[in-house]
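Open the model in your viewer and follow along. Each stop tells you what to select and what to look for.

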Amino acid sequence: WSLENKPILTLTDYHWNKETYEKSLREGDFSDIKWIEVRMHEEGKKLENWQALEKNNMLVILEANKIS
């Protein structure tokens with residue numbers, strides 16, 4: 001929020017299932033699709049609630065290779 005009590009930025013969040021992402025990647029000639037779970041760094045584990053943060057994490061790394 002800005003000083004004028006207005007949002008600075010508005011984002012739209014889409015939640016597609018894993019199959020939709022993989023299908024789209026394959027249709028775009030990508031292969032070797034890997035879903036990599038983001039884990040808490042050792043430094044972050046100093047936080048009191050790090051386990052809840054990690055458990056409820058919605059971030060993932062999606063890796064794929066473009067077929068030539």
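Helices (H or I, at least four residues) and strands (E, at least two) are DSSP runs, numbered from the N terminus. This is a predicted model: local features need pLDDT of at least 70, side-chain atom pairs count only at pLDDT 80 or more, and totals for chains, interfaces and linings use all residues. Residues are numbered from 1 along each chain as its sequence is written, and side-chain values use heavy atoms, with hydrogens and water left out.

**Stop 1: the whole chain**

Show the cartoon. The protein has two helices and two strands. Starting at the N terminus, they run α-β-α-β. Now show the C-alpha atoms. They fill a box of roughly 50 × 35 × 20 Å along the principal axes. The radius of gyration, taken over C-alpha atoms, is 17 Å, while a compact globule of 68 residues would have one near 11 Å. That globule rule is 2.2 Å times the number of residues to the power 0.38.

Next, think about cover. Buried means under 20% relative accessible area, exposed over 50%, and partly exposed in between (1.4 Å probe, protein chains only). Of the 68 residues, 7% count as buried.

**Stop 2**

Side chains of opposite charge can pair when their charged atoms come close. Here a salt bridge is a side-chain nitrogen of Lys or Arg within 4 Å of a carboxyl oxygen of Asp or Glu. The count comes to seven salt bridges.

Select Lys-23 and Glu-27. Their side chains meet in a salt bridge, at 3.4 Å from N to O. Both residues lie in helix H1, four residues apart, about one turn of the helix. Lys-23 is exposed, and so is Glu-27.

Now select Arg-26 and Glu-22. Their closest N and O atoms are 3.2 Å apart, in another salt bridge. This pair also lies in helix H1, four residues apart. Is Glu-22 buried or exposed? Glu-22 counts as buried, at 17% relative accessibility.

**Stop 3**

Select Glu-37 and Arg-39. They form a salt bridge, with the closest N and O atoms 3.0 Å apart. Salt bridges that share partners join Glu-37, Arg-39 and Glu-54 into one network. Glu-37 is exposed at 53% relative accessible area, and Arg-39 is exposed at 54%.

**Stop 4: the aromatic rings**

A pair of aromatic rings is described by the distance of the centres and the angle of the planes. Rings of Phe, Tyr and Trp (its six-membered ring) pair if their centres lie within 6.5 Å; planes under 30 degrees apart count as stacked, over 60 as edge-to-face and the rest as tilted. The structure holds three aromatic pairs.

Select Tyr-14 and Trp-16. Their ring centres are 5.3 Å apart and their planes are at 10 degrees, so the pair is stacked. Tyr-14 is exposed at 53%, and Trp-16 is exposed at 51%.

Now select Tyr-21 and Trp-35. Their centres are 5.9 Å apart and their planes are at 80 degrees, so this pair is edge-to-face. It links distant parts of the chain: Tyr-21 sits in helix H1 (residues 18-27) and Trp-35 in strand E1 (residues 30-37), 14 residues apart. Tyr-21 is partly exposed at 30%, and Trp-35 is partly exposed at 27%.

Show the four residues together. Ring pairs link Tyr-14, Trp-16, Tyr-21 and Trp-35 into a cluster.
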